[in-house]
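Visitor: I would like to learn how to read the features of a model such as this one. Please take them one at a time.

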Amino acid sequence: MCRDKRVSIFIAYIALLCLASNATYAFEPEFGSTRVVFQTNYGDIEFGFYPSVAPKTVEHIFKLVRLGCYNTNHFFRVDKGFVAQVADVVGGRSAPMNEEQRAEAEKTVVGELSEVKHVRGILSMGRYDDPDSGTSSFSMLLGDAPHLDGKYAIFGKVTKGDETLRKLEQLPTRREGIFVMPTERITIQSTYYYDTNMKTCEEERSLLKRRLSAAAVEIERQRMKCFP
C-alpha cells in the first residue's frame with residue numbers, strides 16, 4: 001500500500017516537472033509599445049520589440065529604423081521553413097547613406113543571449129562567429145529552429161504580416177553555399193513606426209469626442225422639446 005502511494009507521488013512529481021518544462025518553453029516575453037512596419041514589394045510586415053530581453057539590441061535596431069537605414073534595403077536570404085534574413089544595411093541598400101546613417105549602421109552590438117526560443121515570427125540578430133559582431137542584419141524566423149536557441153540574440157517578433165512572409169517563402173530561390181537566396185530582389189521600399197500606447201490614446205480620444213458630440217445633440221434635442 002505504502003509502495004503504491006510512493007509510486008503515485010513520484011508520477012505526480014514527474015508530471016509537474018513536465019508541465020514546468022512546457023511552461024518555460026512557451027514563455028512569451030512582453031512586448032514594448034513600439035511597432036515597426038517594413039513595407040516590401042510583396043506586402044507589409046509589422047514587428048514589435050522585446051526590450052526586457054535585449055535592451056541594447058532593441059535600442060540599436062530602433063535607431064536604425066528611425067534614421068531610415070532600412071529603406072531600400074532587401075531580404076537577401078529566404079530559406080522556406082527556416083529564415084527570411086534582412087541584409088546588412090551598409091551593403092544592402094540601393095540608396096546611398098548619409099554620414100549619420102553609416103556611423104550607426106557600422107556599430108556592433110553585444111550579443112544579448114536569452115532563454116527565449118527560436119520559433120516562427122521571432123526576430124534574431126545576424127552575426128559572424130563573434131557573438132558580439134551583430135550590426136544591422138537580422139532574421140525573421142519562418143519556422144522553429146531550436147538549434148539556434150541560446151546562440152543568437154532574440155530581440156522581437158512579427159506581430160502582423162505572416163501572410164507576406166508566406167508569399168516570400170513561395171518565391172523561386174537559388175543556393176549559394178549555405179545560403180538559400182531569392183532569384184529576384186525583395187525590397188524594403190519604406191519603413192515607419194508607431195507607438196501602440198499613443199494609438200490607444202487616439203482611439204479613446206476619438207471615442208470620447210463621438211460620445212460628447214452625441215450627448216450635445218441629445219441635449220439640444222431635449223432643449224428644443226422642453227423650450228420650443
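Visitor: How many salt bridges does a search of the whole structure find?

Guide: First, the ground rules. This is a predicted model, in which local features need pLDDT of at least 70 and side-chain atom pairs count only at pLDDT 80 or more, while totals for chains, interfaces and linings use all residues. Residues are numbered from 1 along each chain as its sequence is written, and side-chain values use heavy atoms, with hydrogens and water left out. Side chains of opposite charge can pair when their charged atoms come close. A salt bridge here is a side-chain nitrogen of Lys or Arg within 4 Å of a carboxyl oxygen of Asp or Glu. The search finds eight.

Visitor: Which residue forms a salt bridge with glutamate 28?

Guide: Lysine 157 does, with the closest N and O atoms 3.7 Å apart. Glutamate 28 lies in the loop between helix 1 (2-25) and strand 1 (34-40), and lysine 157 in strand 7 (residues 154-160), so the pair ties together parts 129 residues apart in sequence. Helices (H or I, at least four residues) and strands (E, at least two) are DSSP runs numbered from the N terminus.

Visitor: Is lysine 157 buried or exposed?

Guide: Buried means under 20% relative accessible area, exposed over 50%, and partly exposed in between (1.4 Å probe, protein chains only). Lysine 157 has 17% and is therefore buried, whereas glutamate 28, at 41%, is partly exposed.

Visitor: How many residues does the largest nonpolar core have?

Guide: In soluble globular proteins, nonpolar side chains tend to be buried together. A nonpolar core is a set of buried Ala, Val, Leu, Ile, Met, Phe, Trp, Tyr and Cys residues joined through side-chain atoms within 4.5 Å. The largest has 35 residues, and Phe38, Tyr70, Phe138, Met140 and Phe155 have the most contacts inside it. Its largest share, five residues, comes from helix 2 (residues 55-66).

Visitor: How many aromatic pairs does the structure hold?

Guide: Rings of Phe, Tyr and Trp (its six-membered ring) pair if their centres lie within 6.5 Å; planes under 30 degrees apart count as stacked, over 60 as edge-to-face and the rest as tilted. The structure holds twelve pairs. The rings of phenylalanine 47 and phenylalanine 138 have centres 6.0 Å apart and planes at 70°, so that pair is edge-to-face. Phenylalanine 47 is in strand 2 (residues 43-49) and phenylalanine 138 in strand 6 (residues 138-141), 91 residues apart. Both are buried.

Visitor: Where is threonine 72?

Guide: Most residues other than glycine have a negative phi. Threonine 72 has a positive phi of about 70° although it is not a glycine, and lies in the loop between helix 2 and strand 3.
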